[in-house]
Amino acid sequence: PLFQALQAAGVAVEPAVYDDDFVDEVEAQLCGLRGVLVWHNPVENGRTRAALDAMLRRVASRGVPVSAHPDTIVKLGTKDLLVDVRDLPFGTDTHRVDTLAQLRTDVVGRLARGPRVLKQHRGHSGIGVWRVEQLGAGRYAMRHAQRGCDTAQGTLDQLCERLAPYFADGGHMVDQAWQPRLAEGMVRAYLSGSRVAGFGHQAVNALFPAAPGEAPPAPGPRLYSDADDPRFQRLRRLLDDSWVSLLARHLGLPPERLPVLWDADFLLGEADAAGEDRYVLCEVNVSSVAPYPASADAAIVAAVQGWLRD
């Protein structure tokens, strides 16, 4: 559909299928174009984006617009963002965890106050995202967000053993406060540049603990809608009027470097002093935003037309 929308607007498009094994061929193809839109997971079949990102930086340095640019992904599209924005209106109690030693001390101290969600700093599809809860007497409940996983119980040593791979080769995790209202659903705001282009709403229950003797609640489908969905107009106003510009300034990200397509996931937090539900940011997706609402195609086309005018 996006190809069709671009072609209808008079923009010629062609696919560029990527693999590290033929990166030079793809680079030669991209250097002959007027712009590049990129969808590629942070980690795919054990490979990172290192070779791809290096190539995209070279292409961009030749004057070809690239979105999302790898430097933008580093600022906006990793879990470290949640630490950077913890003091902003949509932030929450979040910390960076660099070592297993910190897990044993700092994180365990925070677990004494309530459940936490530990996330590898870069990933997708719930991989490397864990809900951890202290059960008492040195035992912990651990639930992986990847589809099909169940809650396990174990000691602190067993918890560290499970999470150790995420600290290998200089890796780290991000520790965020658990949001008890998770089962009420997650709102995904799809944005093009600094403006909301659509919404997705889903009951995301991968981390939600089951009641005693019951199965965990089943995940619901993500239902897409356009930017005018009346349920989310307060969130739209917050994003369009202040939150996106506040985020960009906080990260030192020029508005023109915001991606042609990106999304921000929000959970419901405790109500604020005015009785309004608080939106808590739990993730930003930049690397490979798909699927997305059909309403976003028009915003993507407009952004590409802007590239061509420039």
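**Reading a sheet and its cavities**

Visitor: Which strands form the open sheet, and in what order?

Guide: The open sheet has five strands, in the order β13-β12-β11-β14-β15, with antiparallel pairing. Strands of a sheet pair through backbone hydrogen bonds, either parallel or antiparallel. Here two strands pair if DSSP finds at least two bridges between them. Strands (E, at least two residues) and helices (H or I, at least four) are DSSP runs, numbered from the N terminus.

Visitor: What should I know about the model itself?

Guide: This is a predicted model: local features need pLDDT of at least 70, side-chain atom pairs count only at pLDDT 80 or more, and totals for chains, interfaces and linings use all residues. Residues are numbered from 1 along each chain as its sequence is written, and side-chain values use heavy atoms, leaving out hydrogens and water.

Visitor: Which strands stand at the edges?

Guide: β13 (223-225) and β15 do. Each has a single partner strand, so one side of each lacks a neighbour in the sheet. From one strand to the next, the twist averages 25°.

Visitor: How many bridges join β12 to β13?

Guide: Three bridges join β12 (residues 195-202) to β13, and the two run antiparallel. Look at F199: it stands opposite S225 in β13.

Visitor: What does α8 touch on the sheet?

Guide: α8 packs on the sheet and touches β11 (186-192), β12, β14 and β15. Contact means heavy atoms within 4.5 Å. The direction of α8 makes about 120° with that of β12. Axes are lines fitted to C-alpha atoms, for helices over the stretch in contact, and angles run from 0 to 180 degrees between N-to-C directions.

Visitor: How many cavities of 30 Å³ or more are there?

Guide: Rolling a probe the size of a water molecule over the atoms shows where empty space is left. On a 1 Å grid over the protein atoms alone, a cavity is a set of points where a 1.4 Å probe fits but cannot get out; lining residues have an atom within 4 Å of a point. Grid points are joined across faces, edges and corners, and a volume is the space filled by probe spheres set on the points. The count is two cavities of 30 Å³ or more.

Visitor: Which element gives the most to the lining of the second largest cavity?

Guide: α8 does, with four residues. Residues of that lining include W243, W262 and L281.

Notes:
On a 1 Å grid over the protein atoms alone, a cavity is a set of points where a 1.4 Å probe fits but cannot get out, and a pocket is an open set with protein on both sides within 12 Å along at least five of seven lines; lining residues have an atom within 4 Å of a point.
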